Amino acid sequence: MPKAKGKNRRQKYSYNLNRKRLYRSARRRDAPRIACSHIRHAWDPTKSVAQNLAEMGLAEDPNKAVPIPRKKLVGMEVESDGRGQGKKIVQKPYVVNEMEYEASLPEKKSNTLSRDLIDYVRYMIQNHGENYKEMARDEKNYYQDTPKQIKRKINVYKNFYPEEYKDFIASLKQEKMDVQ
């Protein structure tokens, strides 16, 4: 079957289109992309980035804000200009205060293990105890883990849930005593 006309033609470059102006206007609408909500609410779009950050008490360039001190050479003294850097007036100190408060909050542990891994480890410990070679030969070892891999998984479980692991081992010992 023949191809449709015009599908195979290459696009012609439009020399009359001002791409710089299009790019700038798109940037102006979107700019700036600010992730922190405190900064976003205090941001004044009529001012420059440097002015906005100075008002909030934030540094535009960290290298200028916290300069690396030069080591004084023995016998040579470094002369100062006599011009002291004046203190900058912070008009919006609440931004920095809110950011510091958020940073001081303790981080929640979001690390958890999958339910499948927990069940797998509990099954292995319940049936084989500390015998990792037996665990590797078990029919429930679907992923064909080596004894070292199984041991590593058990240690991960111990580190994530230490109290739960102790209770589980204690219940296993209790069952063994009841059986005997």
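Why are Arg115 and Asp119 separated by about one helical turn? Being four residues apart in helix α6 puts them at that spacing; helices here are DSSP runs of H or I with at least four residues, numbered from the N terminus. Arg115 also forms a salt bridge with Asp119, the closest N and O atoms being 3.5 Å apart; a salt bridge is a side-chain nitrogen of Lys or Arg within 4 Å of a carboxyl oxygen of Asp or Glu.

A quick word on what you're looking at. This is a predicted model, where local features need pLDDT of at least 70, side-chain atom pairs count only at pLDDT 80 or more, and totals for chains, interfaces and linings use all residues. Residues are numbered from 1 along each chain as its sequence is written, and side-chain values use heavy atoms, leaving out hydrogens and water.

Back to salt bridges: the structure holds five. Another one joins Glu164 to Arg122, with the closest N and O atoms 3.9 Å apart. Glu164 sits in helix α9 and Arg122 in helix α6, so this pair ties together parts that are 42 residues apart in sequence. Elsewhere, Lys47, Glu55 and Lys92 are linked in a network of salt bridges.

Buried means under 20% relative accessible area, exposed over 50%, and partly exposed in between (1.4 Å probe, protein chains only). His38, found in helix α2 (residues 37–42), is buried too, at 14%.

Technical notes: Helices (H or I, at least four residues) and strands (E, at least two) are DSSP runs, numbered from the N terminus.
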